[in-house]
Amino acid sequence: HAATNYWNGAGTGWDSTSNWSTASGATTPNPSNVPGLYDDVIFNISTLNSAQTVNLNTNQAARSLTFANTGTTTLLGNGGAGYTLTKGWGGISISTGAGTVTFGDGTPANDVFITLISGHRAWANNSASAFTINNSAPSLTRATGSTLAFNQTGTGAFSMSTTVLPNTNSIIGPWASWGTGTNTQYAF
């Protein structure tokens with residue numbers, strides 16, 4: 001069953017249930033499992049608004065990610081060659097007032113590779129803060145038929161330090177879009 005899990009800041013590892021809560025405003029109760037492909041993830045519980053570093057420590061998954069933390073949030077692979085975060089059918093949303101969100105720090109061990117399963121999803125930056133993917137190798141792969149829309153309603157930017165893999169699975173065409181409404185542009 002899908003669940004909503006809130007980062008509670010008790011530690012730094014995504015892979016420990018003690019670092020998650022099922023309540024939006026308290027550090028407990030902890031979930032029985034760490035977030036997975038069908039779960040929504042929110043950074044952070046409402047009482048925690050400070051700089052947070054989250055180490056994947058192994059390959060992880062989530063249906064959607066919401067960043068509401070007013071402090072910075074950094075996701076790191078924390079492994080020999082980094083780790084993959086598989087994104088389910090939900091998107092990524094950076095809330096108004098949220099701090100900077102960064103995946104990776106430019107070193108191979110901390111790369112956070114994103115894999116998109118099939119379907120359409122949107123990544124929305126509603127804040128004045130940046131969302132950066134800072135990996136040392138190509139950052140994004142996708143399943144056949146997956147599409148991605150970058151929606152920017154705030155003034156914060158999206159950026160990637162490395163290339164994406166736009167034509168994986170022999171798909172050629174406008175699989176990614178940027179902007180909203182009549183200002184939408186497509187990338188190949």
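Colleague: In this predicted model, is R63 buried, exposed or partly exposed, and why?

Modeller: The class follows from relative accessible area, where buried means under 20% and exposed means over 50%. R63 counts as partly exposed because its relative accessibility is 32%.

Colleague: Which residue does the side chain of R63 meet in a salt bridge?

Modeller: Side chains of opposite charge can pair when their charged atoms come close. Here R63 meets D40, with 2.9 Å from N to O. The two belong to distant parts of the chain, 23 residues apart: D40 sits in strand β3, and R63 in the loop between β5 (60–62) and β6. D40, at a relative accessible area of 17%, is buried.

Colleague: How many salt bridges does the count come to?

Modeller: The count comes to 1 salt bridge.

Colleague: Where does F67 lie, and what does it touch beyond four places away in sequence?

Modeller: F67 lies in strand β6 and is buried, with a relative accessible area of 1%. Its contacts beyond that sequence range include F43, L75, I92, I94, V101 and F103. F67 and N125 are 58 residues apart in sequence, yet their C-alpha atoms are 9.5 Å apart in space.

Colleague: Which residues have the most contacts inside the largest nonpolar core?

Modeller: They are W14, F43, L65, F103 and W123, in a core of 31 residues. Among the elements that give two or more residues to this core are β1 (4–7), β3 (40–43), β6 (64–67), β11 (112–116) and β15 (147–152).

Colleague: What can be said of the chain as a whole?

Modeller: The chain has 0 helices and 18 strands. Of its 188 residues, 46% are buried. Among contacts between residues at least 6 apart in sequence, 68% join residues at least 24 apart. The chain exposes about 8,000 Å², and carbon and sulfur atoms supply 53% of that area.

Technical notes:
Residues numbered from 1 in each chain as written. Predicted model: local features only at pLDDT ≥ 70, side-chain atom pairs only at ≥ 80, totals over all residues. Heavy atoms only, no water. Core = buried A, V, L, I, M, F, W, Y, C linked by side-chain atoms within 4.5 Å. Buried < 20%, exposed > 50% of the residue type's maximum accessible area, 1.4 Å probe, protein only. Helix = DSSP H or I, 4+ residues; strand = E, 2+ residues; numbered from the N terminus. Contact = heavy atoms within 4.5 Å. Areas by Shrake-Rupley, 256 points an atom, 1.4 Å probe, with all protein chains shown as cover. Salt bridge = Lys/Arg side-chain N within 4 Å of Asp/Glu carboxyl O.
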